[in-house]
Every structure is written in C-alpha cells, then in structure tokens.
Amino acid sequence: MILLFLKSIIIGVANIIPGVSGGTLAVMLNVYDPITEKIGNFFLVDRKTKLSYFWYLLIVLIGAGTGIFLFANIIKYSITNYPKITVTVFTLLILPSIPYIVKGLDYKKKKNILAFCYGAALMIIFIILGLKYGNKTTGAVTIQLIEGACFTRGYLLKLFICGVIAAGAMIIPGISGSLLLMMLGEYYNVVYLISSLREKSFAVLSPLVILAIGVGVGLVAFSKAINYLLKNHKEFTLFFIEGIITFSIIQMWLSI
C-alpha cells in the first residue's frame, strides 16, 4: 500500500503538468489497469469487493492529491513570476506527446485525417469564443475571486463541468487532464486555488470541493464510455483528441 501511495503521488504530479499524462504514468507504473477496472466496475461488484476497491482507490486519491498539492505552489510561483517561460516549458512538454497519442496508427487514412480536422475545428471554435467572450486566465482572475469570495453559481457549475471533462482525460494514456483545464480557461485558476489552500482554506474550499465532485463524477461516467470508444473507434477517437491538443497550444499562449 505504501508503494501504491508513492506511485499515486507521481501520478498526481504528472496530472498538474500540462502535456504530461497521468494515464501514461499509471501505465508505466503498472497501476493503470487496476485503477480503471476498479472505477469502471465499482457499482457492479458485491459489497466485500466494493469495500476493497474503495480502500484501493482512496489510497490512489490521497496520493494523487498529495502530489498535486505539493507541486501546485511551484506552478503558482512560476506562472506568477515567469509566465512566458512557464508556458514555453509547457509547450515543450506538450509537443512530444502529440505524435505519441497516435503512435503506430495510420495517419494517412482519410477517416483519421477527418477526425483530426474535426478536433482541430472544435478547438478553433473554442479559441474564437474565448477571444470574443472570455478573459485571460492568469492568477489575477483568481486573486480577485478569492479576495472577494464571490464564487457565483455559474462559476461553480463551470468548475464542476471542467472537473468532469478533465477526469475523462486523466484516464486516457497520452492525454493530459491539466491541458484540458488550460483549454477550458481554468488551469491557472485551479492551480492558484490549490496553492492558496493553506492561507485561505475557507475561501477556496467550496470551488475545490465542486471541482473534486466533478472529477469523481467524470471518472465514473467516462471510464466505461472512453473504454468503449477506444475499443470500438480507437483511431477516430485518438486522432480527434490529437486535433484538439495540437491547436490547444494556441489557446495556451493566448492565456498569458
């Protein structure tokens, strides 16, 4: 169990770095299959098995949370003081992961090219909408929210949805959940909230709880759906995701 806890810390650190996949680290550490199997079948097994699943997943959750919490302060400091350098590092981490996602697949196939284009088009729409209606997502946005403690219902709902989507990405090897948070305009905010937990625990607790609930719902809801897509439409799904990630780099630079 101690070894599982240490592995979970590594996975947590990976999940907070854009472009680094917690799912990939889980595969490398030989815990990916047990985690996804226990999440996907949690409500289908008997009570005794469910209890063992619960303790296993609780250790993973605590370990990953520890890794995220410990690393958040480093990310917060670098974003606050060296935003361009930080985004440059993130970009360099993301670029090598792009070909890895579709490694071994036929990138010349018309269906795969279309899937990539669909993903790219979706991301371009997000970028355009962000330019027209959104705000930059640097720490200043969250600072104002925390100091005023004005987390609206709409903002909390957005955090819940972000948690659901990010959780879906976390369980796909090669896909970065934190990168999706960056695409959705909440990565810097979430990092600031986590890193501020010690100083202003009551002010940031409610949005973090909502985000955590979204992650929990996403892990359960998406585990079987994603497994189905990867088993039955693997190439289309992965090329679609690659199109999104490739053009998300533009969104990342626009956010600083």
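## Basis of the model

Helices (H or I, at least four residues) and strands (E, at least two) are DSSP runs, numbered from the N terminus. This is a predicted model, in which local features need pLDDT of at least 70 and side-chain atom pairs count only at pLDDT 80 or more, while totals for chains, interfaces and linings use all residues. Residues are numbered from 1 along each chain as its sequence is written, and side-chain values use heavy atoms, with hydrogens and water left out.

## Largest pocket

A pocket is an open set of points on a 1 Å grid over the protein atoms alone, where a 1.4 Å probe fits, with protein on both sides within 12 Å along at least five of seven lines; lining residues have an atom within 4 Å of a point. The largest pocket holds about 1,300 Å³ of space, the volume being that filled by probe spheres set on the points.

Its lining has 43 residues, and Leu61, Ala64, Ala212, Val215 and Leu219 lie nearest the centre. Elements giving two or more residues include helix H1 (2–15), H4 and helix H8 (153–170). H11 supplies the largest share, 10 residues. By class the lining has 34 nonpolar, 9 polar and no charged residues (Ala, Val, Leu, Ile, Met, Phe, Trp, Tyr, Cys and Pro count as nonpolar, Asp, Glu, Lys and Arg as charged, the others, Gly among them, as polar).

## Packing of H3 and H4

Helix H3 (residues 32–40) packs on helix H4 (residues 47–81) at about 125°, with axes 10 Å apart; axes are lines fitted to C-alpha atoms over the stretch in contact, and angles run from 0 to 180 degrees between N-to-C directions. Pro34, Ile35, Glu37, Lys38 and Ile39 of H3 meet Tyr53, Tyr56, Leu57 and Val60 of H4, contact meaning heavy atoms within 4.5 Å.
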